[in-house]
Structure formats: structure tokens, C-alpha cells
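Here is a short briefing to read alongside the sequence and the 3D view. Take a look at the structure first, and then we can walk through it topic by topic.

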Amino acid sequence: MNALEIKDLTKCYPGFLLDHLDLTLPSGCIMGLVGENGAGKSTTIKLVLNMLHKDGGTITILGRNSDDNIELLKEDIGVVMDEVGIPECLNGKQIGNVMKHTFKNWREEEYSALLRKLSIPDGKPFKDFSRGMKMKLGIAVALSHKAKLLLLDEPTSGLDPVVRDEVVTMLSDFTREEDHSILISSHIVSDLEKLCDYITFLHKGKLLLCEEKDRLLAKYGLLHCTLEQLQGLPADAVLYKKENPYGAEVLVLRDAVSGYGTAAPVSIEELFVFLAKEAV
Amino acid sequence: MKGLLLKDWYMMKSYCRVYLLITIIFLMVSCMNENKFYVFYPCLLCGMIPVNLLSYDERSGWIQYSSTLPYTKMQFVSSKYLIGLFSLLAVITVTGILQAVKMNVVDGGLAISEYVITLLLMCVITTTCLSLCMPFVFLLGVEKGRIVYFVMIGIFFAGIAIATRLPIGVLESGFTPGLLLAGSVLFGIGICALSWYLSVVFYRKREL
């Protein structure tokens, strides 16, 4: 079963169009949504959660159509947004009490254990937390009600590298169970590179690509060559080229340029930047 | 919906202590003063509690976050109306006890019809102000909705000013206490139900 299936999802704002988005997140996998600011990452997550009204398309979550079952499905979805959204005067214990009366599957012991593990004081008001602590608390809530799908919108932005690493570890631990899946958006691509099985590129509301990370890294490469060598490359192998007086940096399909030199591995971030520039 | 109510209760404990203080001060003054403003004002103030809670919700991002939790928009709206009604009930209870004590000790006896009508009017006026304001809050957001609430209070005090200039006979001839009681209750329930319905419709249409 797929954790999330999005077909033809469309949303139109003045000056923005999420254009017939299709993506599938298989159960047990982590998918990273990569895109520049305003690419449509948050819009996609909000549409999945029915926080925005879609103009077209279908969304299936954990095998059920979201139009009819979204409130029920939210029992199985853990969400962390860019701003966690917990009232500032509440402390960790009070948040636990609120969630106990919110989720049918709330696991109080697990929540308390996570607070202890993450060194989050349960009596301190949320407003006195650092951004990292706020985010960790948001994740602790999302992980304490037997969620099967996590939807995370920029959970690592604004966090220092140590906390980011902790968050990435927590998320990796979550997917140890085979029916647990994550859709995570971020423009810190290095985090996604560590974490994700699938990568989806969004650019100006359009899907650039959606593929397994390992396949992407095997498929694309970065070739450094002279301008003369560039002229000799097969046109259909060149996806993007950056020329300078001393040569060229070329994003290529590795298989298609095997006779023209060795293409270096390309990082997800470089790949996204090149593909986004090509798509402009 | 229990979780939403519990969260609002925690927030009231933190942010609404000043309302309690104002209520106590105004009610104490009302025991020494015949001006009905001191009786009515705490009630009108408590009608602001749901709007203020929504304002805190907007500022903290809870409105967005709560929509990721397994609550319907109807439950979210209903929780705010319930908080408003609970607050009103609490203020009316305190006011009722204090006014009964005042009437017995200061005025020399409890004038039942005046007592009941005063409390009832307080309920109806607060419910009306709240009911007229809440759909605008859910449609336009808290800040614009709050302006509507103050306009309602202004209209209410203008109404009082006009009513106090009417000859007493005009009011007494048209309304018996029984009729006023029944009419007020029906009006209060009706406008609250209509307001709740409109708020749910507006909030469902709102994108978060």
C-alpha cells in the first residue's frame, strides 16, 4: 500500500499555480520535497491536510480518499509545520494533557520518555523554549500517537547543525517500522540527502522530477570539460551547462557520456539547482 | 473537542486573570452604586474572552496547527462558543450572588422580578454581542471581528441611553416580566444558534 498518492493536484492562487502534481510515496519510505521558496512545498502539504481547498485532483492517504476521511485520517498523521503552532503559555505537561484528549492513540508514556530523551523540561512554558526545543517538542507530539505518516514542513530550518542531526536521527528511527512513512519538505537539501529514499523536485508549482534518490545519483553526473569537449557531447546527454572562459561544468546523463570522460557524482543540491535553472 | 476546551482553559488561566480582577472590582462598585453599567460591564467583557483566545490562537499559529489535528472545523468553532457561554455563566453566577446579597443587605429585600430581568438581560445582551461578532471573526479574522464587537457594545450603550429617556410607562405597558423572560430567552438562543451556524459555514470556507 502507498502511504500517499497525489494525482493531478491543482491549486491556483493569484500569481501561483500548483500544476497537476502527481506523486506517490510508498509505505515505509521517506520522500523529500525539494524546492525554492514559493515552489509549492507548503501548499502541497496543506492541501494534503485539507487546510487549503484544492481546485482539482485526488489525494489518497494510507489507502483512503482524503476528501471523505480527512479527520479520521489525521489520527494516523503526525504533522510538524515550520512554526510549531503550540500556544506560548502552555508547558510540555499541559500539551501532553491536551493531546491525550485529542488523539485516540495517544501514548503518554512514550511522550514523557521523548521529553526526557530530548531534554525538554515539562514545566517550562513554550514561549521560553529555543527554536530547536520548540521543533523537538513538535516532533515529540507527532511521534506519540502511533502515527503512520509524518508530514513535515521545513522541520530543520533555523536549527543549528547539532539539533538538525538529532532531528534527522529521530526521523530515521521512526521509519524503522515498515509501515511508517515520511513526507518532508526542506530547502536544506543536505538533510534530505541523508534521510530520504525518494526525492521530489518542485519548481514554480511544477514537478521537475520524482525518483528514488539512489537512482537519481546513479543517473546524473557532473562533467568538467573544455569548451571543445563540450561541443562533442551528445546533445540529448546534456541537461544543463555552465560555461566559463576556462571550460564548462555540465550536468549529464552518465550512461550517455561514458565515452567522453568520467562524470563526477552530483549532489542532490547541485542537481536541483541545475534542473531548476534549466527549467526557468 | 475535550482537548480544544482544555487548551482554552489553560490559556484562560494564563491570560484572563485580569478579567477576573476587573469583574470583582466592578461588581464590588456595583454594590455601592446604582449605575447598572457596573453590573453589565463585566458581562460584556467576558463576551470578549473567545475573541481574545482566537487572537492568541492566531498569533501562536494554533489555528493552523489545530487544523492538522483530528478535529473538524465545526468542533473548533463550537469550542469557542462553549468557552464564551461558560465564561458568561461564571460571571452571571458571581453577579447573581453579589446582587442578591446587595439587594438583601443594602436595599432591604430581594426584588425578584428586577433581579431576574437584570440577569436575563445581561445574558441576552452578552450573547447577542458575542453572536453578532463571532461570524465576522471567523470570516474576516480576529482584528476586524473585534472592531465589530466594540461597535455592538457602542450600539448597546446607545440603546440604554435611549431607553433611559423613555417614559417608564412605555416600557412597562408593552412588556410584562413573563413576556420579556420568554422573548429574551428565545431571542438569545435563536441568535446564538444562527451565529454558530454562520461561523461554521464561514470557517469551513476559510483557507488556513
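In this predicted model, Thr23(B), Leu27(B) and Cys31(B) of helix H2(B) meet Val91(B), Val94(B), Thr95(B), Leu98(B) and Lys102(B) of helix H6(B). Sorted by class, the residues of this contact between H2(B) and H6(B) are five nonpolar, two polar and one charged. The points below start with the geometry of that helix pair and then turn to chain A.

**The helix pair in chain B**
- H2(B) covers residues 17–32 and H6(B) covers residues 73–105; their axes come within 10 Å and cross at roughly 25 degrees.
- Because angles under 35 degrees count as roughly parallel, H2(B) is roughly parallel to H6(B).
- The crossing of H2(B) past H6(B) is right-handed.

**The sheet in chain A**
- Chain A has an open sheet of six strands in the order S6-S7-S8-S3-S9-S10, with mixed pairing.
- S6 (77–80) and S10 of chain A are the edge strands, each pairing on one side only.
- On average, neighbouring strands of this sheet are turned by 15 degrees against each other, direction ignored.
- Strands S3 (residues 30–34) and S8 (residues 181–186) of chain A run parallel and are joined by five bridges.
- Within that pair, you will find Gly32(A) opposite Ile184(A) in S8(A).
- Helix H5 (residues 131–142) of chain A lies across S6 and strand S7 (149–153) of chain A, and runs at about 175 degrees to S6(A).

**The hairpin in chain A**
- Strands S9 (residues 198–203) and S10 (residues 206–212) of chain A pair in the antiparallel sense, over six bridges.
- Phe201(A) stands opposite Leu209(A) in S10(A).
- Two residues lie between S9(A) and S10(A) in this hairpin, and Lys204(A) in the turn has a positive phi of about 50 degrees.

**The two domains of chain A**
- Chain A is divided into domain 1 (2–204) and domain 2 (219–279).
- Taken over C-alpha atoms, the centres of domain 1 and domain 2 of chain A are separated by 35 Å.
- Where the domains of chain A touch, nine residues of domain 1 are in contact with seven residues of domain 2.
- Which elements supply at least two residues each to the side of domain 1 of chain A that touches domain 2? They are helix H7 (189–195) and S9 of chain A.
- H7(A) gives the most to that side of domain 1, with four residues.
- By class, the side of domain 1 of chain A that touches domain 2 has five nonpolar, two polar and two charged residues.

How values were computed: Residues are numbered from 1 along each chain as its sequence is written. Chains are lettered from A and ligands numbered from 1 in the order in which they are written. This is a predicted model: local features need pLDDT of at least 70, side-chain atom pairs count only at pLDDT 80 or more; totals for chains, interfaces and linings use all residues. Two strands pair if DSSP finds at least two bridges between them. Axes are lines fitted to C-alpha atoms, for helices over the stretch in contact, and angles run from 0 to 180 degrees between N-to-C directions. Two residues are in contact if their C-beta atoms, placed from the backbone, lie within 7 Å. Domain bounds come from an automatic or database domain assignment. Ala, Val, Leu, Ile, Met, Phe, Trp, Tyr, Cys and Pro count as nonpolar, Asp, Glu, Lys and Arg as charged, and the others, Gly among them, as polar. Angles under 35 degrees count as roughly parallel, over 145 as roughly antiparallel, 65 to 115 as roughly perpendicular and the rest as oblique. A crossing is left-handed if the near helix is turned anticlockwise from the far one by less than a right angle, and right-handed if clockwise.
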